[in-house]
Amino acid sequence: MRAEKNNIFYGIDWLLVFIYFLLVGFGWLSIYSATVTDENISFFNLTTRYGKQLIWIILCIPLIIIILFFNSKFYERYASVLYLFSLLSLVGLFVFGKNINGAQSWYSFGSVSLQPSEFAKAFTALAVAKLLSDRQYNLDLLKNQIKAFIVIFLPAFFIALQPDLGSVLIYLSFFFVLNREGLTLNYIIIGVLAIILFLLTLLFGSVQLLIGVFLVLSAIVYLFLRKNKGYFKFNWHKILGLYLVIGLYIFSTSYIYNDVFEQHQRDRFDILLGISKDTKKIGYNTNQSIQAISSGGISGKGFLQGDRTQGNFVPEQDTDYIFTTVGEEWGFLGSTFVIVLFILLLYRIIYLAETHTNKFGRIYGYGLASILFFHVLINIGMVIGIFPTIGIPLPFFSYGGSSLWGFTLLLFIFIRLDASKGYEW
Amino acid sequence: MKRNVLLYAIISITGLVLIGRLFQLQIIRGADHNPSQNAAIKTVYDYPERGYIYDRNGTLLVANQLSYDVMIIPQEVKPLDTLEFCSLLKITKENFGKRFKKAENYARWLPSVFLKQLAKEDFAFLQEKLHKYKGFYIQKRNIREYPINSAANVLGYISEVNEWEAKNNPNFQQGELIGSKGVEKEYDSILRGIKGKKFLQRDRLNKIIGSYKNGIYDTLAVNGSDITLTIDSELQQYGELLMKGKRGGIVAIEPKTGEILALISSPSYNPNMMVGRQRAANSVVLMDPENLDKPMFDRGLQATYPPGSPFKIINALIGLQEGVINHNTHFYCYNGFQYGKRKSEFMGCHCEIYGKPIRLHTAISKSCNSYFSNTYIRIIDKYNNPSKGMDAWSKHVKSFGLGNYLGYDLPDGKKGLIPNGKYYDDRNKYAWGPTTNISNAIGQGEIDTSPIQLANVTAAIANKGYFYTPHILKKVGKNAINNPKFTKPKYTTIDAKHFPPIIDAMEEVFETGTAKWLKMEDIAIAGKTGTAENFVIVDGVKKQLDDHSILIAFAPKDNPKIAIAVFVENGGYGSTIAAPITSLLVEKYLKKEISSKRKWIEKRMIDLSLQDIYNQKIKKPKEEFKD
C-alpha cells in the first residue's frame, strides 16, 4: 500500500485512459480527413489544421503529467482558488478578449488562441464538488440550493454575455449532480415540462395550446381527481393556480420567442420543428451534414473517401460538425462505435464515481459525466438533425486546442482523484 | 430509486436514440443514395452526334452541324466586367440582365442556356476570354442541317427539351435537344444516341478536384444510329414542285410493302428555317394561327376531307361482297337519282348517260352517282334494320383502314370518320334509312378521310384485298425493319375475286373516262377521280367553296409499284388538277423523267396557282394586312 500510495501509476484507471486516447486518435483522423488537401502532406505543418491539432494533442501529454503530478488533495483544497481564477479569466475577456465570429470568447497570443470558457467547466465542477461535499451542507435547504445555483450560474452568466449561449447550456448539466446529491427531482421535471411546453407552443401557437392544455387538464381533473381520494386532493385553488401558471408561461414563452429571440435563433427552432423549410441559408449546415451522414451507408465510404468531406461541403466540419466525417467515411458502424465509446466512457466514470468514499471525488465525477454527456448529446443531436443548431464541440473530437485541453483537464483531474481514492485519508 | 440510476438511464436512452437516428439516416435513407444526385459530384456530359437521315436511295436528307451555346450556372458567377462581356457576346446590357435573371429564376445551381448558337467567329474569340468569366462555359452541340429543301413536315425538327422536363427528368439537361415533330420525334430514341457522363469530384466552392472514384462510373457517349426512310426524295421534291401554289396533300405508297414513297404537304417550309439563331423568329411566322397556309400542318396526315367519288369503289366492292350487285346489275340514271318523294330529295349526276342501263364498269369509269346510290341503298336494306345495315357497311369500310388511326410511324394523324349505325341512331330522332345519309354512297356526307388513309385504300385495291400498314422507316443503320406491325399484311373484308373487274374499270378512267386526256401509252394507270364539295361558314352563312380536287390511282395496273392519293384544296374537278399531278408523279417514279410529249402538262401544273381562290377565303379586307 505504501508503494502504491507513492506511485499513482497503479491507481490510474487505464480503461478511461485507453478510451480517451481512442477518442482523441479517432478525432484527429477525422480532422485530418476533413482538412487535408492533396498538396504536400506534413503532419507537423502549423499552417494546416490537422498539423496544429496534432501539436495540441502531443502537448496534452505534459499537461496530463502535470495534472497527475499534483496531489489529489490539491484539487480539493484549491478548488475555490481555481474557481475564482477561472471567473477572473472570464471577466477579463471583456477587456482583453478577442472577438471571433461575433463572440468575445478568446485570449489571443500570437497565432495561439485560448478559450477560457472551455477550462471554466472543469473549475466549476471542482467548486461544485467542494461546496456540496461539505459535511454541513444539506441540499434540502433553499439557502443551500441558492448557494449551489450561484456557484454554477456565475460563470454561465459571464459566458452568456460573450455571448456563447451554447456553452451556457452545458451548465444546466449540473442539475444531474445536484440531484445525485439530494436535490429534489422537481427542478428537472419542471424544466423538462417547460421545454416541452415551449416546443409545443412554437408548434401549435399559444392560444391553441392553451385550449389544449385546458382540455387535457380538465379531463385529468374529471377522471382522477373528482373522487377526492388517493394522493392528490381535489383543490380548486391549486388547479386554478396551475392553469394560471401554465397560461402565463405559454404567453411569456411566445412573447420571448417572438420579441426577445433573434431571428437566427427563431429560424433554428423553426427548421428543426419543420415549421419552415430551408436548405440554402440557415438550414444549410444541418441539411449538408444529414446528407453527408446519410451517404455513408452501413460501412461508410472509407477513410479520405468521403466526397462531401473531401469537397468541404459541410461548414465547420472540423469543429462542431466533425461527426459528419465519421458518419460519411466510417458509416453506421463507425458512428455507432464512437457513440458506444462515449457511452462506455460515461458509464465507467459514473461507476468509478460511485466507488468513491470521498464525497468530493464522487461529486466531481458526476460533474464530469454530466458535462460530457451534455456535450455529446447536444453536438451529435445537432449534427444528425434532432437538436437545433447549438455550436458546442464534440469532446476529444472537435478541432481546437482549448476544447481538447479543457476536456483533458476535466477527465484527468478525475483520473487523478480516482487514482488515490480510498487511501488519501 | 437509487440516485445514480437516473443518469445511467438517461445516458442509455440517449445512446439508443442517437443510434436509432443514425440507423434511420444511414441504413434506411442511405440505401437509395445515388452518386449522380450528389452535390459533391459534377456531372459533365458528352453529347453524341445525332443520327443522319437518308432517303430510300441513300440521298442524305438530314445531317449535323456544330453549334456553340454559352451556358451559365448562376450561383458560380462572380462579379464581372459586364460591358466587355456583353460586347463579346454582342448583346446589350439590359439583355444581359434579362438573360441572367431568367437563368436565376430557372435554378441557381443548375446549368441553363445563356446564349444560344453562337456564330463561329464569335465563338473563337469568346473561347479565349471565357476563363475570366466564372460560371459561364461553352457547350458544344450538334444541330441539324438539311442539304435538301424538302419534306420538312416528314422530317420534323428538334427543339430544346422543355423546362419542366429538364428539371424533373434526370436524363435531360436544359438546352438538350430532342425530336419534337415528324421522324425526329418518332425515332428520337434511335437518332439521339446515349450521352456520355463523366463524374468529377468537386469541393464546396465548385472547384474540380479530380475525377470521381477514378472514373469508375463514367460512361462513353454512344452516337445515334443513322436511319433510312422509305421516302423517295426525288419523287417527294417533284411532288412538292407540282404542288407549288396549291394547298393539299399527296401520299404515295408502295403497295407491296406499305412503304411511304412520298408524303407531300403543301404549302410547306424550308426545314433550315427551324435551325439556327433565326429559328425563334421563323417559328413564330410558321406557327402563327393567322397564317392560313399553315405550313406546319401536315396535310398528308392531318387534313381530313370528304373522299368524294373514289369512295364509290369501296361501295362497289362492298356491294359485290354482300352480293347485292354483280357485274350485270344495272341501274338507270336520269341526270341524277330521285331517292325520295320530295323534289329536293334528288341527287344530281354528271355521267351523261340518260335513261340507259348502266352497269358497274361504266358506273365507275363515268362516276355515276345514281348507280352507287342504288348500290348503297341495297347494301343497307339487305339487313332488316338500317342501323344493322350501317354497321355491316361500316365494318367493311373500316377494314380498309378508314375511320381510325392507321398506325403508321409518324406522330401526327387524324382518325377521320366512318359512321356506323349508332352514329345515326344518336343523331336522328325519327326512323332513318339509307336515303337519310345517301351522300355516303358517293363519299360525301359524314365520311371524312385523310390523304394517307386514302392512299392506303388505293394500295389495298392494288393488292386486291390487303395492305401493309404504311410506314416511313426503312432501315436503322444497315438493318431493315422487321416490326411485324409493318411487315405482316392486313386483310380487308372483301374477297380477292371482287377486285379485278373493279380495277379494270379504274383503268378505264384513264382510257376513256374522266382522266382520258392523261393516258400514257406505256404505263397503265388505274385510278378514280373525285370532286368533293366543301363549305365554309362566312358571317354565319354557309357558303360553298370551290370543290376539292381528288384522285386515287395506282400503276402499273398489273404489277402495282405505286399507289397514290392526291387532294388539292379547292382545285375543282378531280380530272383537272389532281389527275395530271398523279399521272406526272407516276411517270416520274416509274420512268424517272417526264416524256417530252407531256412536258406541257408538267409546265401547266407547276405554273398553276390557286392563290387567288385561297385569298377569297380571307374575308377581312386586304388593307388591314398592309404592314
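How many residues of chain B are in contact with chain A?

1. The interface. In this predicted model, local features need pLDDT of at least 70 and side-chain atom pairs count only at pLDDT 80 or more, whereas totals for chains, interfaces and linings use all residues. Residues are numbered from 1 along each chain as its sequence is written, while chains are lettered from A, and ligands numbered from 1, in the order in which they are written. On chain B, 28 residues are in contact with 32 residues of chain A; two residues are in contact if their C-beta atoms, placed from the backbone, lie within 7 Å.

2. Elements at the interface. The elements giving two or more residues to the side of chain B that touches chain A are α1 (5–29) and β8 (196–202) of chain B. Of these, α1(B) gives the most, with 15 residues. Helices (H or I, at least four residues) and strands (E, at least two) are DSSP runs, numbered from the N terminus.

3. Chain B overall. The secondary structure of chain B comprises 21 helices and 23 strands. Of its 627 residues, 41% count as buried; a residue is buried if 20 or more other C-beta atoms lie within 10 Å of its own, exposed if 12 or fewer, and partly exposed in between, with C-beta atoms placed from the backbone.

4. The largest nonpolar core. This core has 116 residues, of which B:A252, B:A455, B:I564 and B:V566 touch the most other members. A nonpolar core is a set of buried Ala, Val, Leu, Ile, Met, Phe, Trp, Tyr and Cys residues joined through C-beta atoms within 7 Å. Its largest share, eight residues, comes from helix α16 (residues 451–462) of chain B. Leaving out residues up to four places away in sequence, B:A455 touches B:V251, B:A252, B:I253, B:A563, B:I564 and B:A565.

5. A second core. A separate core of 102 residues includes A:L93, A:A122, A:Y366 and A:I380.

6. Residue A:V383. This residue lies in helix α17 (residues 359–383) of chain A. A:V383 counts as buried because it has 28 C-beta neighbours inside 10 Å. Apart from neighbours within four places in sequence, A:V383 is in contact with A:S289, A:Y321, A:F323 and A:T324. A:V383 and A:I293 are 90 residues apart in sequence, yet 8.8 Å apart in space, C-alpha to C-alpha.

7. A bent helix. Helix α16(A) bends by about 130° at A:W330; the bend at a residue is the angle between axes fitted to the seven residues ending there and the seven starting there.
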